[in-house]
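Trainee: I would like to go through the labels on this structure with you and hear what stands behind each one. Could we put it up on the screen?

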Amino acid sequence: MQIINLGRRSVLEEYRTKFLSLARQAIRRATNNVKAVNSVGDLLHNCRNCFQCFGILGGIGPSDNLRYVISVDKANDSMDVSGGNGFSLCYETGGITSSSKVYFSVRMRGNNLQCEYCYECSDCEYCFGCFALRNKKFCIFNKQYSEQDYWLMIDKIKVQMLKTGEYGEFFSLTISPFPYQDSDASIEFPLTKEEIIKNNWHWQDETKDGIDLSKFDVFKAIDVPDDIADVSDDILNKAFICEQTGKPFRITKFELDFYRAHKLPLPTIHPLQRIKDRFAFRHPYMLWQYACSNCGRTMLSAWDPARRYKVYCEDCYLKEVV
Ligand SMILES: [Zn+2]
C-alpha cells in the first residue's frame, strides 16, 4: 500500500479498473436479506410480512406488514412510504417519524396523527393541506377550525377531490417546483428529456448564463493536478468545467481538506454527476426473475440480468461463499 500513490488520479483509475474487473467475477447473492420472515425485497433486516420492500434497516427495531416501502426502520402496517422510522398505518408518505395515520404527506417530524396532504409539520393532529405547522390540531391550509367545522370542511374538500380524481393520490409530479433532472428522482429513475416532457413533468433546460463565473479563473477539468500533493490553496479560487457534463464546479475548502487528509486526487466531474455515477453501482429498487448461475433454479434477484453477473440462489451462495 505504501508504494501505491492513490493520491494520483491516474494511479487511482488504474486500480479502480482492476477492482471493477475483479468484482465482475465475484459471486453475488440474489438478495441481501437477514432475519426477513415471509418477505420479498432486498436489503431487508429484522422484518416480517414485507412485500416489495427495499432497505428495511432493522437497527432501531423490527418492522412488519409493509408493502412498497423503502429506507425505513421500525415501521408497521404501512404502504408506499419512502424514508422514516417509528411510524405505523401510513400511506403514500415520505420522510416520517413516530407518526400514525399520515397520508400523502412529506417530511412529517415528531408525533403526528391523522394528517393528510401536509408538508414539514411536526406534532400535529387532524390537519389537512398544512405547511410547517407545529403542535396544531384541526387546521386546514394552516387555518384553525373548531373540531366540528373541521370535519364538515374536510367532508366538502374530500368529496370535491374525489370528483376530480385527486383524493387518494400523492402530490402530482406536475406541480413539483424542482426540475426532474435536478431531483433525487433522476438518480433513482433516470429518464430522458422526452420522457419527462411527455408526462408533463418539470423539465428545465440547462442555462449557463445564470452562473456568474466572472470572479473565477475558469479551467478545464483536465487542468486539475493529477496528484493531490501538487495542489495549492489557490485552487479554491478556480472554477472547473466538468469533463462529462460541461457544467462548472468548484472545490471548497472542506473538500480540499478532506482529499488531502485521505490522500485522494481532486475530482474532475461535477458533484451531481458524481452522485449519479455512484448510484449507478447500486442496484435500483427492483427485483428480477433470474436463473441461479449455479443450479439454474428460478429466483427473484436484485441484480439486473442485463448486467450478466454471476448470481447464486441462497442455497448455492451459502454452500460456495460462506
Ligand atoms: Zn442455486
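Mentor: Let's start with K263, which follows α5 and has a positive phi, near 50 degrees. Keep in mind that this is a predicted model: local features need pLDDT of at least 70, side-chain atom pairs count only at pLDDT 80 or more, and totals for chains, interfaces and linings use all residues. Residues are numbered from 1 along each chain as its sequence is written.

Trainee: What makes α5 a helix, and why is it said to lie largely in the open?

Mentor: Helices are DSSP runs of H or I with at least four residues, strands are runs of E with at least two, and both are numbered from the N terminus. Helix α5 has nine residues, 253-261. A residue is buried if 20 or more other C-beta atoms, placed from the backbone, lie within 10 Å of its own, exposed if 12 or fewer, and partly exposed in between. The number of buried residues in α5 is zero, so the helix lies largely in the open.

Trainee: How many residues of the chain count as buried?

Mentor: Of its 322 residues, 23% do.

Trainee: Which strands form the open sheet, and what makes two of them a pair?

Mentor: Two strands pair if DSSP finds at least two bridges between them. Here the order is β13-β14-β15, with mixed pairing. β13 (217-220) and β15 (248-250) are called edge strands because each pairs on one side only. Four bridges join β13 to β14 (residues 238-241), and these two strands run parallel. Within that pair, D217 stands opposite K238.

Trainee: What is called a nonpolar core, and which residues have the most contacts inside the largest one?

Mentor: The term covers a set of buried Ala, Val, Leu, Ile, Met, Phe, Trp, Tyr and Cys residues joined through C-beta atoms within 7 Å. The largest such set has 32 residues, and C53, C118, C121, C127 and C130 have the most contacts inside it. Strand β3 gives the largest share of this core, seven residues. Apart from it lies another core of eight residues, including A30, Y290, V311 and C316.

Trainee: How do you know which residues C121 is in contact with?

Mentor: Contact requires C-beta atoms, placed from the backbone, within 7 Å of each other. Leaving aside neighbours within four places in sequence, C121 is in contact with M108, N112, C115, C127, C130, A132 and L133.

Definitions and conventions
Two residues are in contact if their C-beta atoms, placed from the backbone, lie within 7 Å.
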